[in-house]
Amino acid sequence: MTAGGETLTAGVIGGTGFAGGELLRLLAGHPNFDIEQATSRSAGGKTVGSVHPNLRGLDLRFSDPEDLASVDVLFTATPHGVSMGQIDRYFESADTVVDLSADFRLPEAALYDEWYEGHDAPEYLEKAEYALPELNRENLPGAELIAGGGCNATATMLGLKPLVDAGVLGPDTGEVVVDVKVGSSEGGAGGGAASSHPERSGVVRPYAPISHRHEAEIGAYLGLDVSFTVHAVEMVRGASATCHVFPDGPVSKGDLWGAYRGAYEEEPFMRMVSGGGGVYRYPEPKAVAGTNYGEVGFELDASNERVVVFSAIDNMMKGSAGQAVHAANVALGFEETAGLEFQGLHPVGSP
Ligand SMILES: NC(=O)c1ccc[n+]([C@@H]2O[C@H](COP(=O)([O-])OP(=O)(O)OC[C@H]3O[C@@H](n4cnc5c(N)ncnc54)[C@H](OP(=O)(O)O)[C@@H]3O)[C@@H](O)[C@H]2O)c1
């Protein structure tokens, strides 16, 4: 672990991607990181600004991922399957690896057999720490391999964790049905036909009605077996989870406020938004777009013995690059909020 004021060198593998671009934006403004390298196979030699127009001022060119610079911390933002094949090599060039893909986020190889196509480097799974500080802060200090969470799982778990802590939900307690609406950037810069503008525009499209892989993460880290459905909607950024919770016993509004305040009042990036006045009375992806903040809120539907929980994040920030930098801050002993303490924009169009 390092002292809070030290500066470390950082590399980003997959720097042309959406999550990689957000990593570069965050690291460029971070007081404790100097970016040493950003890689791309397709844009080698080009400036970062030529791919990410918001970073046009950055004095950095993409280089080949085969030619890794030696850095203190390597952030990897590549498609599933790349990091698990390269992890030995990554640790030859860096002391700490923060991987944003799904490659190390599940704790056991058997889960990769069940939900993915197995695992090439299962010996690293025990070493990996799940990135989300709100769930795993105590295990992050000194971690050498940090595994970023899935954005839909992150939104869902942030919404439900207070109810698990309070005993309202557990492996044998209560039922949960989750519906996540997510923006097109979740599909990455490569996109695909389903994410092309004419196909995506105007949709509310169920794209993973059942068996979404993020269910595995929610089971592993919250101990909950949830009924989970994801819709692709027209936003560019954002994941909004609506969780219909059916507790086994009676729950009051006071119990719920106690649970959510207890879980999040000390959290630097969590905001409670529940009822109140104005237009934005519940968690709203627009309100956190571009930031590392997460919003949660709830409503008690006593006549149906239901609690409705709302949770909103930016999928590329709290759901990916922001979460990764937050976790790295905790792991490396930096100020926890370093490089992440900025608010979003308002008003703004579809983020
Ligand atoms: N987008 C999100 O909202 C989000 C949220 C949570 C987690 N994640 C995860 O973060 C990772 C990146 O997602 P993304 O949306 O940023 O994807 P993306 O936009 O498609 O970017 C992928 C990046 O990886 C590089 N790349 C691809 N294959 C590679 C290889 N074999 N070796 C080295 N570099 C390679 C690509 O650049 P070149 O082809 O030029 O090398 C590109 O820079 C994924 O695993 C994703 O699941 C994404």
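Predicted model: local features only at pLDDT ≥ 70, side-chain atom pairs only at ≥ 80, totals over all residues.

Me: What makes β1 and β4 a pair?

Reply: Strands are DSSP runs of E with at least two residues, helices are runs of H or I with at least four, and both are numbered from the N terminus. Two strands pair if DSSP finds at least two bridges between them. Strand β1 (residues 8-13) and strand β4 (residues 71-76) have four bridges, in the parallel sense. One of them joins Val12 to its partner Phe75 in β4.

Me: And how do you know that β1 and β2 pair?

Reply: That pairing is parallel too, over five bridges. Leu8 stands opposite Phe33 in β2, and Ala10 has Ile35 as its bridge partner there.

Me: What is the order of the strands in the open sheet?

Reply: The seven strands run β3-β2-β1-β4-β5-β7-β6, with parallel pairing.

Me: Why are β3 and β6 called edge strands?

Reply: β3 (62-63) and β6 (128-130) each pair on one side only.

Me: Why is strand β2 called largely enclosed?

Reply: Buried means under 20% relative accessible area, exposed means over 50%, and partly exposed is in between (1.4 Å probe, protein chains only). Five of the seven residues of β2 (residues 33-39) are buried, so the rest of the structure largely encloses this strand. β1 is mostly covered as well, with five of its six residues buried.

Me: Why does Leu24 count as buried?

Reply: Leu24 has 0% relative accessibility, so it counts as buried. You'll find Leu24 in helix α1.

Me: Is His119 buried or exposed, and how do you know?

Reply: Buried, because its relative accessibility is 13%. His119 lies in the loop between α4 (109-115) and β6.

Me: What makes the contacts of the His119 side chain polar contacts?

Reply: A polar contact is a pair of N or O atoms within 3.5 Å; within protein, one must be able to donate a hydrogen and the other to accept it, and residues adjacent in sequence count only if both atoms are side-chain atoms. A polar atom of the His119 side chain lies 2.5 Å from the backbone oxygen of Asp103. The backbone nitrogen of Ala121 lies 3.0 Å from a polar atom of that His119 side chain.

Me: Which residues come nearest to the ligand?

Reply: A residue is near a molecule or strand if one of its heavy atoms lies within 4 Å of it. There are 28 residues around the ligand, and Thr16, Ser40, Ser42, Thr78 and Ala189 come nearest.

Me: How many residues of each class does the shell around the ligand have?

Reply: Ala, Val, Leu, Ile, Met, Phe, Trp, Tyr, Cys and Pro count as nonpolar, Asp, Glu, Lys and Arg as charged, and the others, Gly among them, as polar. On that basis the shell has ten nonpolar, 15 polar and three charged residues. α1 (18-28) and α11 (317-332) each supply at least two residues of the shell.

Me: Why does Glu305 count as exposed?

Reply: Glu305 has 62% relative accessibility, so it counts as exposed. Its place is in the loop between β13 (294-301) and β14 (306-313).

Me: What is the phi of Glu305?

Reply: Glu305 has a positive phi of about 50 degrees, although it is not a glycine. Most residues other than glycine have a negative phi.

Conventions: Residues numbered from 1 in each chain as written. Heavy atoms only, no water.
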